[in-house]
Amino acid sequence: MGYFLEQLINGLSLGSIYGLIAIGYTMVYGIIGMVNFAHGEVFMIGAFHAVIAYLVLQALGITLLPVALIIVLVVTIFLTSAYGWTIEKIAYRPLRGSFRLAPLISAIGMSVLLQNYVQLLQEARPKSVPSLIQGNISLIESEDFSVSISYLRLFIIIATVVLMVFFTMLITKTALGRSQRACEQDMKMATLLGINVDRVISLTFVIGASLAAVAGLMFMLFYGVVDFYMGFIAGVKAFSAAVLGGIGSLPGAMLGGILLGVIESLFSAYFSVEYKDLAAFSVLVLVLIFRPTGLLGKPEVEKV
Amino acid sequence: MVDINKQEKANILALKDVHSFYGQVEALRGVSLQVKAGEIVSLIGANGAGKTTLLMTICGKPKAQKGEIIFLNQSIVSKPTHEIIRLGIAHCPEGRHIFPKMTVMENLLMGIAETSKEFFKQDLKRIFDLFPILYDRRTQRGGTLSGGEQQMLAIGRAIISRPKLLLLDEPSLGLAPIIVQKIFATIRQLNKELQMTILLIEQNAYHALQLADRAYVLVNGYITMQGTGQELLTNPEISKAYLGG
């Protein structure tokens, strides 16, 4: 029982990371109908920014953990969203209005480019950082079993919840969020209401990249190792999470991410670590067979 | 009713020799027309005559290939759509284009998303006075409204920003006759009570001409006739071609 709960928490924190990346996929798909295959690389770049920012702070002698974390967070979000913005501007915007596959191919090109760019700048060797957040709190102590949760996992889960609440408010309550949803539902009409669609699309990439940046920071804290290739598998997982939850659906992306994370953790805990990806993707295949629109991707019934 | 605007007869909108393409097809082949302050101007024509393209070209989507479009004394022909709209043009397109997953309130808010919010409460009240049904439906999603309610919402969303020119594309399309009456009555009300300047496209030529101060007939991308609504209503050619006898 204790082991199960610990693995569940493990899965939740891993799933939080997947979910945060998945939102970037699902938002971009929702608004311009393309899969941004370079989004995994944006996550990887976020993780690198986190490492670099942390090392710079250390060199400057700022080691007080909460202060350092906040600075790293802000710097990482800022720099990574600049990448997101630029990627859209140079790789996708010029192709808007051309045939559907063009931006997809451009996205794959962008993904390869970014991997090589980071590999050239940072070398292929994985970079490691010491674990920053240490210690555990005990949740349940009984004679039969005990459950403890590390501060790190707690931090990841709480940070994700806070981000999700903030993000949901942004999308549902603000004018920016309304413009975003309007473009998603009817881009032509949004333009006719005076919305600068290009700006909204740029902002969508910036928001997606910011969340991926936070995920990158969490990944760095969680595993303590980053390398230029890490965006690929994380990207595939997060994309699967978005599809699992129903691509285009924001709560779906989060749910898909968490499900994938939990399945992976539990499968590695009870069966085999080697086959955890097999388990995760099998669930994806099964869901898609029985619910092709994903878990929450139910098309709305509308009167015409 | 004092109608200062009609005495001044200032041009709100003027098109001069506008050419525009719908895909590969030249849909407008040199259209010139004027809309003056306080007028309802109707544009009638058969399917494919270029009516919708004309309204869309005013909004810069597509851009006019040739010619000049003047709105409130400035050329808007090279401006992007969102800037044209923000100058004070509201476009209520064919097919209503309600945001299906947004509530009625959110749909209305979209009408002022990028303009001033000062008068929002007053404006909202004005819309709800005009269409009380929208108040009852305010928390419902746009996609769940009936066709007539959607059309009312589309008009409400278009006028909430107090546009200087309202473009209406086929507001009666696909609606029950009783609703059509209501929509036309509303258009008249907008014009008479709120002094709104309106450029209206209609297939329902009879209604459109009755409502109009002036009207244009568009055939294959050319303006073939113009005059006051009454003149065109009594014109035998018009009555043969568009009024069914």
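Me: Hi! What share of the 245 residues in chain B is buried?
Reply: Buried residues make up 46% of them. Buried here means 20 or more other C-beta atoms, placed from the backbone, within 10 Å of the residue's own. Keep in mind that this is a predicted model, where local features need pLDDT of at least 70 and side-chain atom pairs pLDDT 80 or more, while totals for chains, interfaces and linings use all residues. Residues are numbered from 1 along each chain as its sequence is written, and chains are lettered from A in the order in which they are written.

Me: Thanks! How many helices and strands are there in chain B?
Reply: Chain B has eleven helices and ten strands, taken as DSSP runs (H or I, at least four residues, for helices; E, at least two, for strands).

Me: New topic: how many residues does each chain bring to the contact?
Reply: Chain A brings 18 residues and chain B 23. Two residues are in contact if their C-beta atoms, placed from the backbone, lie within 7 Å.

Me: And which element gives the most on the side of chain A that touches chain B?
Reply: That's α6(A), with six residues.

Me: What is Leu166(B) in contact with, leaving aside neighbours within four places in sequence?
Reply: Its partners include Ala90(B), Cys92(B), Ala158(B) and Met196(B).

Key. A residue is buried if 20 or more other C-beta atoms lie within 10 Å of its own, exposed if 12 or fewer, and partly exposed in between; C-beta atoms are placed from the backbone.
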